[in-house]
Amino acid sequence: MFTGIDRNETKRYKSPNDPDLSNPTIFTLGLLDPTVRNTIEDSTSFFDIDPKNPNDKPKMNFSLGKRNHLIVKYGLKGFEGLVQPKTKELVKFEVTTGHFGGKLIEGVSEDILNMLPSNLKMELAEVIWNEDKFHEDDAKN
């Protein structure tokens with residue numbers, strides 16, 4: 001039997017790549033609303049078929065940076081121990097509310113998202129996106 005997905009489930013995640021393993025940043029990750037997930041897929045993947053040559057393979061383009069940014073924007077639900085780069089003070093988790101995928105939804109503030117390195121966004125996005133493995137102890141927390 002299949003088991004359904006609880007979209008309200010969250011997971012505490014510690015990156016195995018955290019440079020301070022004795023005092024790591026702990027992220028709280030959530031699952032994406034299905035409409036938001038579909039909008040991310042639709043807005044970050046493009047297929048182009050040449051009408052003059054319909055038998056040619058379609059051209060495909062994936063905007064991975066944008067995809068990871070949006071996944072983390074709507075899937076990151078909190079963190080503990082993220083340090084501001086200039087002041088070295090702890091960053092307060094902040095969300096903003098806006099429309100995405102036809103829904104009014106909360107997402108991480110752009111200031112915080114812009115603070116995260118792209119390799120960390122990619123790592124967090126992969127954990128959030130793989131909802132079928134979300135309940136597993138991927139990071140061995």
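**Note on the predicted model**

1. The lining of the largest pocket comprises nine nonpolar, six polar and three charged residues. In this classing, Ala, Val, Leu, Ile, Met, Phe, Trp, Tyr, Cys and Pro count as nonpolar, Asp, Glu, Lys and Arg as charged, and the others, Gly among them, as polar. The structure is a predicted model, in which local features need pLDDT of at least 70 and side-chain atom pairs count only at pLDDT 80 or more, while totals for chains, interfaces and linings use all residues. Residues are numbered from 1 along each chain as its sequence is written, and side-chain values use heavy atoms, with hydrogens and water left out.

2. The largest pocket holds about 500 Å³ of space. Of its 18 lining residues, Asp-18, Pro-19, Thr-25, Leu-82 and Leu-120 lie nearest the centre. Helix H4 (residues 118-129) gives the most to this lining, with three residues. A pocket is an open set of points on a 1 Å grid over the protein atoms alone, where a 1.4 Å probe fits, with protein on both sides within 12 Å along at least five of seven lines; lining residues have an atom within 4 Å of a point.

3. The protein chain has four helices and seven strands, these being DSSP runs (helices H or I, at least four residues; strands E, at least two). From the N terminus on, the order is β-β-α-β-β-α-β-β-β-α-α. Buried residues make up 35% of the 141 residues, where buried means under 20% relative accessible area, exposed over 50%, and partly exposed in between (1.4 Å probe, protein chains only).

4. Five salt bridges are found in the whole structure, each a side-chain nitrogen of Lys or Arg within 4 Å of a carboxyl oxygen of Asp or Glu. One of them joins the side chains of Glu-131 and Arg-7 (2.6 Å, N to O). Glu-131 lies in the segment after H4 and Arg-7 in the segment before strand E1 (10-14), so the pair ties together parts 124 residues apart in sequence. Glu-131 is buried at 16% relative accessibility, whereas Arg-7 is partly exposed at 28%.

5. A salt bridge also links Lys-103 and Asp-33, with the closest N and O atoms 2.7 Å apart. Lys-103 belongs to strand E7 (residues 103-108) and Asp-33 to the loop between strand E2 (26-30) and helix H1 (34-44), 70 residues apart.

6. Glu-110 and Lys-73 meet in a salt bridge through their side chains (3.1 Å, N to O). Glu-110 is in helix H3 (residues 110-115) and Lys-73 in helix H2 (residues 64-75), so the pair ties together parts 37 residues apart in sequence.

Note on methods
Grid points are joined across faces, edges and corners, and a volume is the space filled by probe spheres set on the points.
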